[in-house]
Amino acid sequence: FIHELSVLAGRDHVEFLLELMGSPRWISEGNVNSLNTGRAIDVIKLAAAQAGWGKPMKPGSGLGFAFYFCHAAHIAEVAEVSVDANRNFRVNRVTVAVDVGRIINMSGATSQVQGSVIDGLSTMALQQITMADGVIEQDNFDQYPVMRIASTPKIDVHFIQGDNRPTGLGEPALPPLAPAVT
């Protein structure tokens with residue numbers, strides 16, 4: 001929706017989003033579970049810079065951007081996507097910038113984000129729930145395909161290490177994936 005607004009305003013999506021964040025501040029002062037626009041701005045800028053936001057793209061390819069906040073985590077993602085002549089798309093690269101406070105276990109944190117991106121792509125492009133006679137046909141996890149290694153894009157993860165206390169990281173990198181791709 002924010003991207004659609006930026007298009008209507010004739011503005012670059014990232015610049016438009018940064019302007020909407022306003023000055024760095026807690027939306028609810030001292031409440032770690034409220035949005036901190038300064039931290040949001042930092043991840044937005046980091047993801048855009050690391051992904052090369054604004055770089056020239058080949059015909060049939062582009063960059064999509066999304067920002068998400070939950071579990072006191074500030075996450076920005078850029079998806080590099082290509083579409084072929086048959087309108088089939090491929091996600092070639094996902095760049096993620098994360099601020100969840102101090103990282104205790106870097107390899108675990110990186111794996112959490114990479115797994116969330118893969119789960120997001122799987123949910124968006126591979127999985128579905130169907131019903132027959134009022135009953136859901138998929139009754140176990142083996143019936144929900146997960147993206148395989150050969151289809152997985154390059155995933156670059158960048159953390160902002162601050163003085164903030166560690167917060168949630170299990171889910172926050174999944175929701176912005178589909179908006180960044182679309």
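Tutor: Gladly! By class, nine nonpolar and four polar residues make up the lining of the largest pocket, with no charged residues among them. Please keep in mind that this is a predicted model. The volume of this pocket is about 270 Å³. It is lined by 13 residues, and those closest to its centre are His-3, His-13, Phe-65, Ala-66 and Pro-179.

Now to the elements behind that lining. Those that contribute two or more residues are α1 (2-8), α2 (13-21), β1 (61-70) and α5 (177-181). Strand β1 supplies the largest share, with five residues.

Besides being one of the residues closest to the pocket centre, Phe-65 takes part in an aromatic pair with Trp-53. A search of the whole structure turns up one such pair. The arrangement is edge-to-face, with the rings 5.7 Å apart centre to centre and 75 degrees between their planes; planes over 60 degrees apart count as edge-to-face.

What does this pair connect? Trp-53 sits in the loop between α3 (37-51) and β1, while Phe-65 belongs to strand β1 itself, so the contact ties together parts that are twelve residues apart in sequence.

Phe-65 has a relative accessible area of 5%, so it is buried, since the class covers values under 20%. Trp-53 has a relative accessible area of 21% and is therefore partly exposed.

Technical notes: Residues are numbered from 1 along each chain as its sequence is written. This is a predicted model: local features need pLDDT of at least 70, side-chain atom pairs count only at pLDDT 80 or more; totals for chains, interfaces and linings use all residues. Side-chain values use heavy atoms; hydrogens and water are left out. On a 1 Å grid over the protein atoms alone, a cavity is a set of points where a 1.4 Å probe fits but cannot get out, and a pocket is an open set with protein on both sides within 12 Å along at least five of seven lines; lining residues have an atom within 4 Å of a point. Grid points are joined across faces, edges and corners, and a volume is the space filled by probe spheres set on the points. Helices (H or I, at least four residues) and strands (E, at least two) are DSSP runs, numbered from the N terminus. Ala, Val, Leu, Ile, Met, Phe, Trp, Tyr, Cys and Pro count as nonpolar, Asp, Glu, Lys and Arg as charged, and the others, Gly among them, as polar. Rings of Phe, Tyr and Trp (its six-membered ring) pair if their centres lie within 6.5 Å; planes under 30 degrees apart count as stacked, over 60 as edge-to-face and the rest as tilted. Buried means under 20% relative accessible area, exposed over 50%, partly exposed in between (1.4 Å probe, protein chains only).
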